[in-house]
Amino acid sequence: NVRHRMVGRTVVVGDVPWVAQSAEAFLSKLFACSYSIAGLNVLSGNPADHLVHRHTHRVVRGSLLICGRPDGRLPALTSLEASTCLSVNQASSIQSLGGTCESITIGHNKSKLPLSHKAIYLKSHRPLFLSEKILDHIDAHEDSAREKLEEEQETQKTKMSLSGVASYIHENTVGRNGGRKLLDFSLSGSRKAKTTRSSASLMGAYVNLVRDSMKKRTQNDDANPAERVSSVIDLMIKEKQGLDNSRRVFNAIDCDGNGVISEEEFISAYQKTDVGISKEHLQHLFAEADIDDNGSLSFVDFLKVSRMPNLLAELNIKNRDKRGLVQVQASMERYFGEELRKHSQPGVNSMAMSQSQHFSMELYESRIASLQRFVAMTVMFHQMGMRVQSFFPKISFGLFGYRMDRTHSIMRIATTASPVSGADVRERMEQLRLMLKIERSVQLITRTW
């Protein structure tokens with residue numbers, strides 16, 4: 001658009017705070033030494049938080065909005081992607097003389113926003129999560145039913161109304177009793193469906209799946225009230241049995257029979273189950289279990305500890321290194337949740353099981369997906385800065401030019417994160433080590449006194 005060249009150039013970077021701020025610093029440093037006719041004003045914000053309130057009133061013709069888009073195909077991130085898309089659409093709808101800002105989205109979802117100028121798609125190399133597999137399975141069945149219907153229309157040369165098309169797809173993807181015809185999932189880790197869903201479509205699909213699973217669970221409870229009462233009774237019996245088992249384990253660990261578990265008894269009990277575990281690691285476990293910090297565990301403390309899976313699960317873990325740290329093995333599943341679905345109890349809905357993976361989805365977004373978007377932004381910004389840098393020497397036969405890796409403060413792009421002296425860090429470490437030593441000495445004197 002030629003009219004975009006008649007105004008000042010402003011680039012707004014929208015993503016999670018660490019990506020937006022890092023990309024803003026990178027782009028502003030690339031153009032730090034550029035000439036004023038090619039200068040940039042770089043801003044940043046979080047599209048799920050304050051981007052609309054801080055920057056949309058500054059949007060003018062010629063502004064460039066680069067927004068990172070979370071992977072809304074994961075149900076834990078669907079609402080986050082919907083908020084991001086709403087912010088981009090709101091900023092892209094502001095017009096000046098028929099022109100708007102140029103918005104570019106970067107993400108893993110192939111669905112392009114209608115008001116955005118471009119959509120950069122990042123390929124995914126990870127296996128699908130269980131919820132993605134369920135939705136992809138449904139979409140693949142709808143695609144196959146639609147293709148089969150088109151083939152029948154071509155062969156028979158008959159036309160069917162839109163209601164007939166919808167009913168045909170519904171019959172081939174939904175059972176007569178209202179439940180979806182979900183056959184066994186394919187073992188492939190890639191997507192089978194050809195259609196792509198927008199953020200609003202993804203949110204509606206996942207809401208419907210969760211609603212269907214909750215409806216089936218409610219129907220089963222209402223249809224069998226006797227089984228519901230018996231399950232409650234079984235749960236109460238298991239809690240009573242668990243209390244008795246905890247008492248037996250406590251008495252077995254308490255060798256001297258004084259009613260409390262000392263640190264030596266605690267370490268001895270753990271080392272009987274796992275000889276390779278280190279004593280230092282067990283001492284840290286005991287210190288975490290000793291809630292009142294009196295050097296021993298009463299039965300009440302032991303019960304509280306028994307409800308902490310991160311402590312009692314240590315007894316069953318065998319894959320440890322020499323320091324006693326657990327070594328997490330890589331998953332060999334073709335899609336995340338394959339083993340969970342395979343060993344689940346009969347009658348448990350797959351969508352209900354997928355809710356246990358929401359924390360993993362959030363970790364994937366904060367550790368991997370956001371980093372991929374940041375790398376994509378830096379590659380694009382570097383190419384942008386390189387083209388502007390090489391423009392001036394070409395038109396001036398080498399007379400004019402600048403280096404984009406330098407700034408007016410004679411500082412390169414790769415700078416230290418924080419100008420802290422190494423001596424200060426070393427002195428602080430010595431101080432912390434001394435404080436820890438004094439603290440342990442005080443605890444030892446208190447216990448022996």
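## A buried pair: E81 and R69

E81 and R69 are both buried, where buried means under 20% relative accessible area, exposed means over 50% and partly exposed lies in between (1.4 Å probe, protein chains only). The two residues form a salt bridge, with their closest N and O atoms 2.8 Å apart; a salt bridge is a side-chain nitrogen of Lys or Arg within 4 Å of a carboxyl oxygen of Asp or Glu. In general, side chains of opposite charge can pair when their charged atoms come close.

The E81 and R69 pair links distant parts of the chain, 12 residues apart: E81 belongs to helix α3, and R69 to strand β3 (residues 64-69). Helices (H or I, at least four residues) and strands (E, at least two) are DSSP runs, numbered from the N terminus.

## Basis and confidence of the model

The model is predicted, so that local features need pLDDT of at least 70 and side-chain atom pairs count only at pLDDT 80 or more, while totals for chains, interfaces and linings use all residues. Residues are numbered from 1 along each chain as its sequence is written, and side-chain values use heavy atoms, with hydrogens and water left out.

The average pLDDT of the protein is 77, and 73% of the residues score at least 70; pLDDT is the predictor's confidence in each residue, from 0 to 100. For residues 173-183 the pLDDT is below 50, and this stretch has 22 contacts in the model beyond near neighbours in sequence. Residues 312-317 also have a pLDDT below 50, with 12 contacts beyond near neighbours in sequence. Contact means heavy atoms within 4.5 Å.

## Overall architecture

The protein contains 15 helices and seven strands. Of its 449 residues, 35% are buried. Among contacts between residues at least 6 apart in sequence, 68% join residues at least 24 apart.

Helix α3 covers residues 78-92 and includes T78. T78 counts as buried because its relative accessibility is 5%. Apart from neighbours within four places in sequence, T78 is in contact with G72, S199, L202, M203 and Y206.

T84 is also found in helix α3, and T84 is buried because its relative accessible area is 3%. Not counting residues up to four places away in sequence, T84 touches P47, C67, G68, R69 and P70.

## Further salt bridges

The whole structure holds 11 salt bridges. One of them joins the side chains of E132 and R126 at 2.8 Å, N to O, and both E132 and R126 are buried.

Another salt bridge joins the side chains of E338 and R334 at 3.0 Å, N to O. E338 counts as buried because its relative accessibility is 6%, whereas R334 is partly exposed because its relative accessible area is 41%.

## The second largest pocket

The second largest pocket holds about 580 Å³ of space. On a 1 Å grid over the protein atoms alone, a pocket is an open set of points where a 1.4 Å probe fits, with protein on both sides within 12 Å along at least five of seven lines; lining residues have an atom within 4 Å of a point. Grid points are joined across faces, edges and corners, and a volume is the space filled by probe spheres set on the points.

Thirteen residues line this pocket, and the closest to its centre are E263, Q283, R440, Q443 and R447. Helices α9 (279-289) and α15 (422-448) each supply at least two lining residues. The lining has three nonpolar, five polar and five charged residues; Ala, Val, Leu, Ile, Met, Phe, Trp, Tyr, Cys and Pro count as nonpolar, Asp, Glu, Lys and Arg as charged, and the others, Gly among them, as polar.
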